[in-house]
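This briefing is meant for someone meeting the structure for the first time. Please keep the sequence and the 3D view at hand while reading the points below.

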Amino acid sequence: MQRSLKVIFLLILAMVLGLTACSKGGSSASGPDGKVNLTMTIWGSENEKKIYQERLDIVKQTYPDINVKLNLVAGDYDQKVQTMIAGGTALDIMMIAENYQAYASKKQIIALDDMIQTNNVNMSERYSEDIMNLMKYDGKQYGMPDRAGAMILFYNKDLFDKAGVKYPSKDWTQQDLMDAAQKLTVKENGKTIQWGYYPGSWWPQWMQLIYQNGGSLFDQEGKPTFNTEPVRNALQFMNDLTFKYGVGPTPTEIADMGNIGADPLFAQGKIAMETTGFWNIGSLAKVEGINWDIASIWGETNAFFNGFTITNASEHKEEAFKVIEALTTLNGQMPLIKAGQDAPATKAGLSSDEFLNAEYGGKKINMAAFSESKIYAEPFNPKWNEMMKLINDKLSVYFNNKASLDDTVTQIQSGMEKLYP
């Protein structure tokens, strides 16, 4: 009798422990048929979700025993994902962008290096070094980059031809940009009606100039270096484009045009050059009456990227890795490429015929501009969001020409030293 009671007690204990394990964020589970069920969170539109599902269907042909449920998170992705993690909601694979280091520093996602080695994934064959490094933290690989379109230069070919200016190339310098912008700026009766370039105040636009100047935001010991000559020269160059040389619209002129932003102004032929990401290609393809193309930036630039990571709470990390590895092969990326959704992060994707020879608005453009771009080591860190708020709050005043350069860089340097003691 005592032995029977002991057996019953042990069975009940095993059931309780099993239920407890399942409730503690045990995201994935094996079904009764032995198949592994995973969840994957993404952001984007319903149309993008369809493309991801198409890609997962391709992966399933290789791994029929792994099911992946897509979870499209609308609104503030990071905030909602953090809430899901805190609440123990099932998560296995997460799409993450610039702030992946915040997740890594909290140990919410895992380093992939061991699985990369075990599964014989040659990262140097799959990615260029600059793109591969986009998702490294503390020397370890925390994500498989999926999209990584460099910032590129859009230019209006008709306006260049009319002004007799040679089309831009990757061999340009900052001075070449300035010279071309001056020739492309047109005034009538003392009023500017066409600008050569739209400098803006968006961080990728000013930050790339710093790295092109040989500067950075941190030294090798991780100490802030905002109050240095490369940074000062970059910010001064940006402001001079607008307020000294008048080749970019001032905030007042932008407001007079309805604050519609650089992309619509370029589409209207009011600015001859702008720097932005892949997404503007799809927008311009729908615009009739504009003759445009793209070129690589005149030096190192940024990449707009995201990648796939694996959560620390996943119970099936090996299976999750198989999925994200397969999603970042040429076969797994092909629906993304054919849909013209973004620039793929892989060498194979960027050099594929489908990407290079894609037509937008019925014509081919210089898609090689993406693979020819060079990405600098962007200063992502776990305090990225706090750092960018500190910097942007000060620069927004400076780029309105309402603060001195000296005061601006001094205040930002002081703030960064407190943020990174």
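The points that follow concern salt bridges, a nonpolar core and a pair of helices.

The model is a predicted one. A search through the whole structure finds 6 salt bridges, and a nonpolar core, the largest, holds 124 residues.

- The side chains of R147 and E48 form a salt bridge, with a distance of 3.5 Å from N to O.
- Because R147 belongs to strand β7 (residues 144-150) and E48 to helix α2 (residues 46-62), this pair ties together parts that are 99 residues apart in sequence.
- Both R147 and E48 are buried.
- D146 makes a salt bridge with R55, and here the closest N and O atoms are 2.7 Å apart.
- This pair also links distant parts of the chain, since D146 is in strand β7 and R55 in helix α2, 91 residues apart.
- D146 is buried, as is R55.
- A network of salt bridges links E48, R147 and D342.

- D406 and R232 are joined by a salt bridge in which the closest N and O atoms lie 2.6 Å apart.
- The two residues connect distant parts of the chain, with D406 in helix α21 (residues 405-419) and R232 in helix α11 (residues 229-244), 174 residues apart.

**The largest nonpolar core**

- Within the largest nonpolar core, which has 124 residues, W206, M273 and I281 are the ones that touch the most other members.

**Packing of helices α20 and α21**

- Helix α20 (residues 384-398) and helix α21 have axes that come within 10 Å and cross at roughly 170 degrees.
- Because an angle over 145 degrees counts as roughly antiparallel, α20 is roughly antiparallel to α21.
- On the α20 side, the contact is made by E386, M387, L390, I391, K394, L395 and Y398.
- On the α21 side, the contact is made by L405, T408, Q411, I412, G415, M416 and L419.

How values were computed: Residues numbered from 1 in each chain as written. Predicted model: local features only at pLDDT ≥ 70, side-chain atom pairs only at ≥ 80, totals over all residues. Heavy atoms only, no water. Salt bridge = Lys/Arg side-chain N within 4 Å of Asp/Glu carboxyl O. Helix = DSSP H or I, 4+ residues; strand = E, 2+ residues; numbered from the N terminus. Buried < 20%, exposed > 50% of the residue type's maximum accessible area, 1.4 Å probe, protein only. Core = buried A, V, L, I, M, F, W, Y, C linked by side-chain atoms within 4.5 Å. Axes fitted to C-alpha atoms, helices over the stretch in contact; angles between N-to-C directions. Parallel < 35°, antiparallel > 145°, perpendicular 65-115°, else oblique. Contact = heavy atoms within 4.5 Å.
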